[in-house]
Amino acid sequence: MIGLSARRTAAVAAVLALSAAGCSGPGTPPAAPVVTAAAAATPAPPAAPSPVPAARAGLGGRPSPSARPCTVFPADNVWHADVSRLPVHPRSAAMIGAIGGGAVHADFGSGRWEGAPIGIPVTVVPAGQRRVPVTFGYADESDPGPYPVPPDAAVEGGPDGTGDRHVIVWDRAACRAYELFDAHRSGAGWRAGSGAVFDLRSNRLRRAGWTSADAAGLSILAGLVRYDEVAAGRIDHAIRVTVPRTRTGWTWPATHSASSATDPALPQLGQRLRLKRSVDLSRLPRQARIVAEAMRRYGLIVADHGSAWFLSGAPDPRWDNDALHALGGLRGSDFEVVDAAGLMVSAGSGATG
């Protein structure tokens with residue numbers, strides 16, 4: 001999703017269409033889990049030696065025991081920064097008011113909605129996954145291919161989806177993420193609106209002014225809520241969130257603007273939001289409480305335009321949609337904007353001091 005008006009309109013239209021289809025809130029998963037969900041997190045079976053590996057693990061799959069562990073960015077990266085004690089931004093009230101006081105929505109879950117998994121799927125590929133050509137509509141701000149995207153990579157919204165159609169490929173052996181926006185199969189490879197490659201062992205940010213598969217120029221994988229994290233009892237990073245409007249420019253760690261608006265009440269892409277400490281989380285079910293605790297400690301990063309307070313996550317058949325729906329008890333007024341400038345070591349790096 002890039003900062004161009006035509007694509008912004010398409011993205012918002014997709015969200016509104018989902019709402020009109022009968023969700024209890026825009027993008028909210030069905031009230032109860034659906035037992036026919038695709039097993040996206042099932043580890044892949046061992047594959048016979050082949051020049052083109054055919055078997056891949058899902059999001060819950062594990063790399064080879066001999067592989068060096070791959071975390072999503074180093075521990076000192078801004079995505080992992082504890083923002084619970086950072087000062088409140090002087091324009092916090094105005095920016096929260098501009099985003100709106102509506103309910104929080106977990107834009108991910110179990111089962112399917114209109115035939116597609118709920119959320120942004122992640123395809124985990126093995127070492128040696130064959131690379132294929134990728135062409136870009138916005139090649140001047142995209143990392144050139146080839147990318148190790150298999151022909152059956154999971155697409156946001158499903159193969160026939162008409163929304164943002166993100167494709168996220170996680171190569172754990174190389175510790176890299178390959179992320180595409182508006183991705184479609186094309187011949188032996190893929191075509192996409194834009195694409196970015198992230199070295200997950202590096203704090204290096206994208207070039208100033210460059211987008212990614214996200215409007216802010218950030219990694220989508222880094223901000224997704226994943227079931228394995230919640231099952232372990234802790235999310236250790238900020239969460240990707242969308243808002244209806246932003247103002248021109250960007251706030252570190254973002255690298256790209258998606259707006260020409262100059263109203264100082266609007267947040268910028270990259271703005272860090274935080275759930276207030278005064279909000280009582282004790283009555284939330286476990287899955288929702290762990291997400292809320294992450295929003296209090298690590299916060300949210302404004303990554304794109306869309307419906308207000310939509311949290312991004314990966315689909316998984318083990319999500320409890322009723323529990324996730326409980327996050328709707330949190331409202332925009334329960335959040336504040338924090339001033340994260342003091343974390344920055346360098347404008348070109350996501351490392352924190």
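User: Why is Glu 293 called partly exposed?

Analyst: This is a predicted model, and the call rests on a computed area. Glu 293 has a relative accessible area of 38%. Buried means under 20% and exposed means over 50%. The value of 38% falls in between, so Glu 293 is partly exposed.

User: What makes Glu 293 and Arg 289 a salt bridge?

Analyst: The N to O distance between the two side chains is 3.8 Å. The cut-off is 4 Å. The pair is within it, so the term applies. Both residues lie in helix 4 (residues 286–297). They are four residues apart, about one turn of the helix. Arg 289 has 27% relative accessibility and counts as partly exposed.

User: What makes Glu 336 and Arg 274 a salt bridge?

Analyst: Their closest N and O atoms are 3.0 Å apart. That is within 4 Å, so the pair qualifies. This pair links distant parts of the chain. Glu 336 is in strand 15 (residues 335–338), Arg 274 is in strand 12 (residues 272–275), and 62 residues separate them.

User: How do you know whether Glu 336 and Arg 274 are buried or exposed?

Analyst: Set each value against the limit for buried, under 20%. Glu 336 is at 15% relative accessibility, so Glu 336 counts as buried. Arg 274 is at 5%, so Arg 274 counts as buried.

User: Which residues does Glu 336 touch, leaving out those up to four places away in sequence?

Analyst: Glu 336 touches Val 88, Ser 92, Ile 96, Arg 272, Leu 273, Arg 274 and Lys 276. Each of these has heavy atoms within 4.5 Å of Glu 336, because that is what contact means here.

User: What makes Arg 226 and Glu 229 a salt bridge, and are they buried or exposed?

Analyst: The N to O distance is 3.6 Å. The limit is 4 Å, so Arg 226 and Glu 229 form a salt bridge. Both residues are buried.

User: How many salt bridges are there, and which residues are linked in a network?

Analyst: The structure holds nine salt bridges. Asp 214, Arg 240 and Asp 304 are linked in a network of them.

User: Why is strand 13 called mostly covered?

Analyst: Count its buried residues. Six of the six residues in strand 13 (residues 300–305) are buried.

User: How do you know that strand 13 pairs with strand 11 and strand 12?

Analyst: Pairing needs at least two bridges. Strand 11 (residues 239–243) and strand 13 are joined by five bridges, so they pair. These two strands run parallel. Ile 239 stands opposite Leu 300 in strand 13. Strand 12 and strand 13 have two bridges, so they also pair, in the antiparallel sense. Here the bridge partner of Arg 272 is Ile 301 in strand 13.

User: What makes up the largest nonpolar core?

Analyst: This core has 73 residues. Those with the most contacts inside it are Leu 200, Val 291, Met 295, Leu 300, Leu 311 and Leu 327. Helix 4 gives the most to this core, with six residues. Val 291 touches Val 225, Val 230, Ile 235, Ile 239, Leu 311 and Leu 327, not counting residues up to four places away in sequence. A second, separate core has 15 residues, among them Ala 153 and Leu 180.

User: How many aromatic pairs are there, and why is Phe 73 with Phe 198 called edge-to-face?

Analyst: The count comes to six aromatic pairs. For Phe 73 and Phe 198, the centres are 6.3 Å apart. The limit is 6.5 Å, so the rings pair. Phe 73 lies in the loop between helix 1 (5–20) and helix 2 (92–99), and Phe 198 lies in strand 10 (residues 194–199), so the pair ties together parts 125 residues apart in sequence. Phe 73 is at 6% relative accessibility and counts as buried. Phe 198 is buried too, at 7%.

User: Why is the pair of Phe 136 and Tyr 147 called tilted?

Analyst: The angle between the planes is 55 degrees. Under 30 would be stacked and over 60 edge-to-face, so 55 degrees counts as tilted. The centre to centre distance is 5.8 Å, within 6.5 Å, so the rings pair. Both Phe 136 and Tyr 147 are buried.

Conventions:
Residues numbered from 1 in each chain as written. Predicted model: local features only at pLDDT ≥ 70, side-chain atom pairs only at ≥ 80, totals over all residues. Heavy atoms only, no water. Buried < 20%, exposed > 50% of the residue type's maximum accessible area, 1.4 Å probe, protein only. Core = buried A, V, L, I, M, F, W, Y, C linked by side-chain atoms within 4.5 Å.
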